Amino acid sequence: MKEEHVASDFLDAVAEKVASKILPTVLKKIEESIPISGDKMVEAEKAAEILGVSKDLIYRLCSQKQIPHVKSGAPGSRRPKMMFSIRSLEEWIRQQERLNCPTWNSRA
């Protein structure tokens, strides 16, 4: 009876370890499968508000290709409108958290 309990505890521990390794991948696949049509696009001013930064910083991050955005306007336009997916901004925030504090995120 005790051997069964030890084996069960061992299997539970292995299952938990495996789940912790594959869960991020599974969640990412699920998130990627959600249609983007339910996502809301916002302009630079709202994106800056969401992130708590200045609109100038938003434009700088766009020019450095460091933040996800979509340019809208005529091809070759000198001042295209920058649009931001709220879902992409949220994911970008999570990526920044993982990059800036990997030990904190490994506890989750």
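Me: What is the relative accessible area of arginine 98?
Reply: Arginine 98 has a relative accessible area of 42%, which makes it partly exposed. On this scale buried is under 20% relative accessible area, exposed is over 50%, and partly exposed is in between (1.4 Å probe, protein chains only).

Me: What kind of model is this, and how are residues numbered?
Reply: It is a predicted model, in which local features need pLDDT of at least 70 and side-chain atom pairs count only at pLDDT 80 or more, while totals for chains, interfaces and linings use all residues. Residues are numbered from 1 along each chain as its sequence is written, and side-chain values use heavy atoms, with hydrogens and water left out.

Me: Back to arginine 98. Which residue does it form a salt bridge with?
Reply: Its partner is glutamate 91, with the closest N and O atoms 3.0 Å apart. A salt bridge here is a side-chain nitrogen of Lys or Arg within 4 Å of a carboxyl oxygen of Asp or Glu. Salt bridges with shared partners join Glu91, Arg94 and Arg98 into one network.

Me: How far apart are glutamate 91 and arginine 94, N to O?
Reply: That salt bridge has an N to O distance of 3.2 Å. Both residues sit in helix 4 (residues 86–100); they are 3 residues apart, so about one helical turn separates them. Helices (H or I, at least four residues) and strands (E, at least two) are DSSP runs, numbered from the N terminus.

Me: Is glutamate 91 buried or exposed?
Reply: Buried, at 16% relative accessible area. Arginine 94 is partly exposed at 32%.

Me: How many salt bridges does the structure hold?
Reply: There are 4. One of them joins lysine 46 to glutamate 49, with the closest N and O atoms 3.3 Å apart. Those two lie in helix 2 (residues 44–51), 3 residues apart, about one turn of the helix. Lysine 46 is partly exposed at 38%, and glutamate 49 is exposed at 56%.

Me: Switching to cysteines. How many disulfides?
Reply: The count is 0, where a disulfide is a pair of cysteine sulfur atoms within 2.5 Å. Cysteine 62 is buried, with 4% relative accessibility. Cysteine 101 is partly exposed, with 32%.

Me: Now the surface. Which residues form the nonpolar patch?
Reply: Phe10, Leu11, Val14, Val18, Ile22 and Val26, with about 540 Å² of accessible area together. Patches are made of residues with over 30% relative accessible area and no salt bridge; like charges are joined within 9 Å, and nonpolar side chains (Val, Leu, Ile, Met, Phe, Trp, Tyr) within 5 Å. The areas come from the Shrake-Rupley method with a 1.4 Å probe, and for residues only the protein chains shown count as cover.

Me: Where is phenylalanine 10?
Reply: In helix 1 (residues 2–33). Phenylalanine 10 is exposed at 54%.

Me: And the strands: how many residues of strand 3 are buried?
Reply: Strand 3 (residues 81–85) is mostly covered, with 4 of its 5 residues buried.

Me: In which sense do strand 1 and strand 3 pair?
Reply: Antiparallel: strand 1 (residues 41–43) pairs with strand 3 over 3 bridges. Strand 2 (residues 70–72) also pairs with strand 3 in the antiparallel sense, over 3 bridges. Two strands pair if DSSP finds at least two bridges between them.

Me: What is the bridge partner of glutamate 43 in strand 3?
Reply: Methionine 83. Methionine 83 is also the bridge partner of valine 70.
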